[in-house]
Amino acid sequence: MSLAFLHAHDCSEPHSDAVWGVSWTANDTAISISADGSVKQWSATTGQPHPPNAAFPTAHTLAQVSLSVTPDGRRALYNSIEGLTSLWNLENGEVIGTFESFARTKEDSEPSWSVSIHPQGETYASTGGSGNVSIHSAQIENFGERVATLSSGRNKFGMFCSYSPDGRRIAMSSETGQIYIFDVESSALSFTFTSHAMSVRSLAWSPDSNLLLSASEDKRLVLHDVRSAPGAAVASFSGHTSWVLSADISPDGRLGLSGSADKSIKVWDIGARAAVSTIQDTGEVWSVSWRPKPPAAGSPGAFISGGEDGIVRWWRGAGAAGS
């Protein structure tokens, strides 16, 4: 079977440099971060800035490299290339917390690279040069204060980290291809996956927190089952011809989504272990994100992409086409 996805519309005001992160929120807006240092919010229905005539946070002088939005769509956490972490209240437009992770407040302090906010929003996770995961407060009164460190045991750069939807685990991937699964309650390393031999740039959890999809510079995506140690790689998805830069799993858990340096987006049927749609874009596709609202019966859903040309694009499913 193949699925057709149609280009719906673009954001009305492109970023002046590549879009390095996008997230479709529960409130049907989209957040984008860019190499131009800016972070913006868009109406998903029109592609216009949201709210209309709103002032977005002041653009940073350096690139924004990591984005994480709470499941309720109320707050967005983003991080710059040198490690300035900011918390944006999407309801009133105010930046309510900032943390300079690059300021060496403790001997083992380190700049954050990738950040992920807890589903309930009370903490956030970060990873960077040491290859460990730090847990920080996301409360306004002590935003950024470190409350725990989860050690991978390997001193390899942490490329990406992500809380599971149930908040019980954190997945972190490294520049050398390892994926570490930590138990949040015990702060212990549960298990390590060695499914990739090259850097893993993105991780996506299934809605039930049982499966993890990884996107790697080895041109593959790998699906892992994290329900019981030692865990296992249960499927591999091949078809991209260059680095896979971003991944996501649909809200019903049926479809995978990937963006690649080969300038394409692919949609994958997770059960059938096969690509069901390929979309050619104009440049590297740095980030992809499904609409979090489950699709109507018979519809494959909708997603957004952000890429090298600075444009956020909306794509909608047109239904199944043949078998």
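Lys219 sits in the loop between strand S18 (211-216) and strand S19 (220-225); strands here are DSSP runs of E with at least two residues, helices are runs of H or I with at least four, and both are numbered from the N terminus. The phi of Lys219 is near 80°, a positive value in a residue other than glycine. Lys219 counts as partly exposed because its relative accessibility is 41% (buried means under 20% relative accessible area, exposed over 50%, and partly exposed in between, with a 1.4 Å probe and protein chains only). This is a predicted model, in which local features need pLDDT of at least 70 and side-chain atom pairs count only at pLDDT 80 or more, while totals for chains, interfaces and linings use all residues. Residues are numbered from 1 along each chain as its sequence is written, and side-chain values use heavy atoms, with hydrogens and water left out.

With 38% relative accessibility, Lys263 is partly exposed. Most residues other than glycine have a negative phi, and most peptide bonds are trans.

## A cis peptide bond and another loop

On the subject of peptide bonds, His50 and Pro51 are joined by a cis one, with omega about -15°. Pro51 lies in the loop between strand S4 (39-43) and S5.

Ser299 is in the loop between S25 and S26 and is partly exposed, at 25% relative accessible area. Between Ser299 and Asp269 there are 14 Å in space, C-alpha to C-alpha, for a sequence separation of 30 residues.

## The overall build

The protein has 27 strands and 0 helices. Along the principal axes, the C-alpha atoms fill a box of roughly 60 × 50 × 30 Å.

Of the 323 residues, 56% count as buried. Take the contacts between residues at least 6 apart in sequence: 46% of them join residues at least 24 apart, where contact means heavy atoms within 4.5 Å.

## The largest pocket

The largest pocket has a volume of about 1,400 Å³. Of the 50 residues lining this pocket, Ser23, Leu67, Phe160, Leu203 and Asp248 are the closest to its centre. A pocket is an open set of points on a 1 Å grid over the protein atoms alone, where a 1.4 Å probe fits, with protein on both sides within 12 Å along at least five of seven lines; lining residues have an atom within 4 Å of a point. Points are joined across faces, edges and corners, and a volume is the space filled by probe spheres set on them.

Among the elements that give two or more residues to the lining of the largest pocket are strand S2 (19-24), strand S13 (158-163) and strand S25 (285-290). By class, this lining has 30 nonpolar, 17 polar and 3 charged residues (Ala, Val, Leu, Ile, Met, Phe, Trp, Tyr, Cys and Pro are nonpolar, Asp, Glu, Lys and Arg charged, and the others, Gly among them, polar).

## The second largest pocket

The second largest pocket holds about 200 Å³ of space. Its lining has 16 residues, and the closest to the centre are Phe99, Thr105, Ser109, His136 and Arg146. Strand S10 (123-128) and strand S11 (133-137) each give two or more residues to this lining, and S10 gives the most, with 3 residues. By class, the lining has 2 nonpolar, 10 polar and 4 charged residues.

## Aromatic pairs

The structure holds 10 aromatic pairs. Phe191 and Phe193 form an edge-to-face pair, because their ring centres are 5.4 Å apart and their planes stand at 70° (rings of Phe, Tyr and Trp, the last by its six-membered ring, pair if their centres lie within 6.5 Å; planes under 30 degrees apart are stacked, over 60 edge-to-face and the rest tilted). Phe191 is buried at 8% relative accessibility, and Phe193 is buried at 4%.

Phe303 and Trp315 make a stacked pair, 6.4 Å centre to centre with 25° between the planes. Phe303 is in strand S26 (residues 302-307) and Trp315 in strand S27 (residues 312-321), so this pair ties together parts 12 residues apart in sequence. Phe303 is buried at 0% relative accessibility, and Trp315 is buried at 8%. Ring pairs also link Phe303 and Trp315 with Phe5 and Trp290 into a cluster.
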